[in-house]
Amino acid sequence: MESLIQIVNKLQDVFAVIGEHKIDLPQIVVVGSQSSGKSSVLESLVGRSFLPRGTGIVTRAPLILQMIRYTKEERDKVIKLTKNNDIKSWATFLHKPETIYDNFDEVRYEIEKQTDVLAGSNKGITHESIVLKVFTLSYDLTFVDLPGITKVPVGDQPEDIDEQIQELILKYVQLENSIILAVVTANTDPTTSESLKIARKMDPNGIRTIAVVTKLDLIDKGTIQDTTELLCGHKIPVKLGIIGVVNRSQKDINDNKSMKETLKSEKDFLRLNYPEIYKKHGNKVLAKTLQDILVKHIKKTYPILHKSLQDTKTRLETELKTLQTPDSKVSFILNLLKNISKSYTDTILGNRKDVSDTIVMGGARISEIINEEYLDKINQINPLHDLTDEQIGVILLNTSGITKSSFVNEKALERMISRQLSNLIEPSMSSVDFVRVEMLKIFDAIDENVLETLKRFPRINSDVRNVLNNMLDKKLNNLKDFIKSFIETYQSCLNTTNPNFLIQLVRSSSDFQDTNIAAFMSNNSIKNTKNHKCVSLEDNEKKENENYIQLFKQMLSGINDLDNNIETSKQVKIHKSLTECYFNFIKEIIRDFVPKRIHHKMVKLVLETFEQELDEKVFTPYVINRTFEEVMTEEEGVIDERQKIEEMLNAVNIALKNMVDIQCF
């Protein structure tokens, strides 16, 4: 039976083929600064020298290194293919699966060659990965080797190369299923280690971080005690352990010192310098520890990974369904138009199943505009906006002409009320505009699957939107004309004998009534010692209300002289009060009428006729002109998107099939 790690390797292979994906696979991510010994650690674990070396950034693409412990049958098969009976280990690349490498110098050359293909030859980096499989008798392990952390660009490297590398490293280490292998050098202060800084940032509690301390043989003899404390975990807060290793020096590499000799030298060095803890360190211990950690981690993350794959499969199947090419173009378009109309109507009427719990949308937003925002604007309008006492006095004089002004000058009152009512027109017109804009925005909030399907076909998308836009424009102009005409009617047709208006006068403040009545009686020499107090209609007897109404009727028809002093003129005060009261009376009518009219003559009519309009203005012309092939031309990139989703879905299905074996462990 394959090992758990080999099963996860298969998952890596599947997703590496399709490139970018959001599947978080269990894996060990190697992070370290340039010249920290990352390459030496990996080569010691593999037991072969195969990684590119040199100055500057050598690793410029993520290298997924899969160590696979082969069986006798697998080795026999490779011997037959390579004609090499002495083969002990070999390698293959995912991008060249048929080529078997038994010469690891050629592996190094192929890594360099493929890196140039993916990242270019100008020392830049890439997020595209190289998958290398090394078959060995040693261990089952998987690593992701990343570019070494650097601060200064070299040669023709981009100026922001450090930021690019940080971004690439974070992309891998931030994944919850990643084990961080932080490479730290023994001859530097661990508190300044860039790899540990990144590990602490992405894994602050150290629960998925293991540290490897390299270059133990390069420290001063006097600092061995400090290094011992470091190796015992007293300086680096990581939960998965700290392991020291001694790898080949550059001289060893130049002298072609074998890995077997290197491991023996390492063991001797550790026993001599760290006798109390040497059994807990070294490359063999590191390999065994990493293998145990990875196996436990795979078992732990299996349920989460399996659910992620299932959810991804469901999502991709839904996406693919919307991107499928229909068998019957006629029925497809007809159904699409019906679905558009239904989803648009459901969104406005609140019948959607996938109702949002974060934002107010659809019909609720329209209701906000016409029932709250519009009313707020109307209510905030000052009935006497830009109308001073001086202006009222001048209007009274000018409308009297050569004759004396009446106590209530109807011509002046008409002018003032008409002028003030014009302030209601703009917010009412704006409310219609806002609803139109919102109804267009709602179209982009209909069922996501319907919308995505529509967007695939630019011609249909454009035609449908034009129909809705034209419908709203037509309703908009008619509605605005009607509302404006409605308000203008009240501007030109003043009716101060309207019973409702008179009742509102009765309900107005006692100060207002006392002022008006006193002025009327004073100017007409009416003697009346009774103190008239106005209270609410509910508290007055019917007869008393009728008396007030009769009194106001007399006031509105009485004749008086205009005071010489406009500022203290009783007539100015009365006309000011009447204008304010009549404005509020008409405002109540307008603020009740406009929202109802918008709802009835715009929102409701559009919903009732949208499907019919789509049929007449979109579908029928397609039938008459036989343009189904033309309008079904897909948006550029849709075919590529469909192919990408199909590949991803196939990869997920293969991954789920492979994961069945994990349950056996």
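Residues are numbered from 1 along each chain as its sequence is written, and side-chain values use heavy atoms, with hydrogens and water left out. Because the model is predicted, local features need pLDDT of at least 70 and side-chain atom pairs count only at pLDDT 80 or more, whereas totals for chains, interfaces and linings use all residues.

The chain contains 23 helices and nine strands; these are DSSP runs, numbered from the N terminus, with helices (H or I) of at least four residues and strands (E) of at least two. Of its 665 residues, 48% count as buried. Here buried means under 20% relative accessible area, exposed means over 50%, and partly exposed lies in between (1.4 Å probe, protein chains only). The chain exposes about 34000 Å², and carbon and sulfur atoms supply 50% of this area. Accessible areas come from the Shrake-Rupley method with a 1.4 Å probe, and for residues only the protein chains shown count as cover. Among contacts between residues at least 6 apart in sequence, 79% join residues at least 24 apart, a contact being heavy atoms within 4.5 Å.

The structure holds 26 salt bridges. A salt bridge is a side-chain nitrogen of Lys or Arg within 4 Å of a carboxyl oxygen of Asp or Glu. Side chains of opposite charge can pair when their charged atoms come close. One of these bridges is formed by Arg-60 and Asp-116, whose closest N and O atoms are 2.6 Å apart. This pair links distant parts of the chain, with Arg-60 in the loop between helix 2 and strand 2 (63–69) and Asp-116 in helix 4 (residues 104–119), 56 residues apart. Arg-60 is buried, at a relative accessible area of 5%, while Asp-116 is partly exposed, at 37%.

Other salt bridges lie within a single helix. Arg-315 and Glu-319 are joined by a bridge of 3.0 Å, N to O. Because these two residues are four apart in helix 10 (residues 283–323), they are separated by about one helical turn. Both are partly exposed: Arg-315 has 38% relative accessibility, and Glu-319 has 27%. In helix 21 (residues 570–625), Lys-596 and Asp-592 are likewise four residues apart, about one turn of the helix, and their side chains meet in a salt bridge of 3.3 Å, N to O. Lys-596 is exposed, with a relative accessible area of 52%, whereas Asp-592 is partly exposed, with 42%.

A negative surface patch is formed by Glu-448, Glu-452, Glu-635, Glu-636, Asp-640 and Glu-641. Patches are made of residues with over 30% relative accessible area and no salt bridge, like charges being joined within 9 Å and nonpolar side chains (Val, Leu, Ile, Met, Phe, Trp, Tyr) within 5 Å. Asp and Glu count as negative and Lys and Arg as positive, while His and the chain ends are not counted. The place of a charge is taken as NZ of Lys, CZ of Arg, CG of Asp or CD of Glu. Helix 16 (448–455) and helix 23 (638–659) each supply at least two residues of the patch. Glu-635 is found in the loop between helix 22 (628–631) and helix 23, and is partly exposed, with a relative accessible area of 40%.

Most residues other than glycine have a negative phi. Ser-35, although not a glycine, has a positive phi of about 65°; Ser-35 lies in the loop between strand 1 (27–31) and helix 2 (38–46) and is exposed, at 64% relative accessibility. Lys-215, also not a glycine, has a positive phi of about 60°. Lys-215 is placed in the loop between strand 8 (209–214) and helix 7 (224–231) and is partly exposed, at 26%.

Asn-379 belongs to helix 12 (residues 363–379) and is partly exposed, at 39% relative accessibility. Leaving aside neighbours within four places in sequence, Asn-379 is in contact with Lys-587 and Arg-591. The C-alpha atoms of Asn-379 and Lys-587 are separated by 8.4 Å, although the two residues are 208 apart along the chain.
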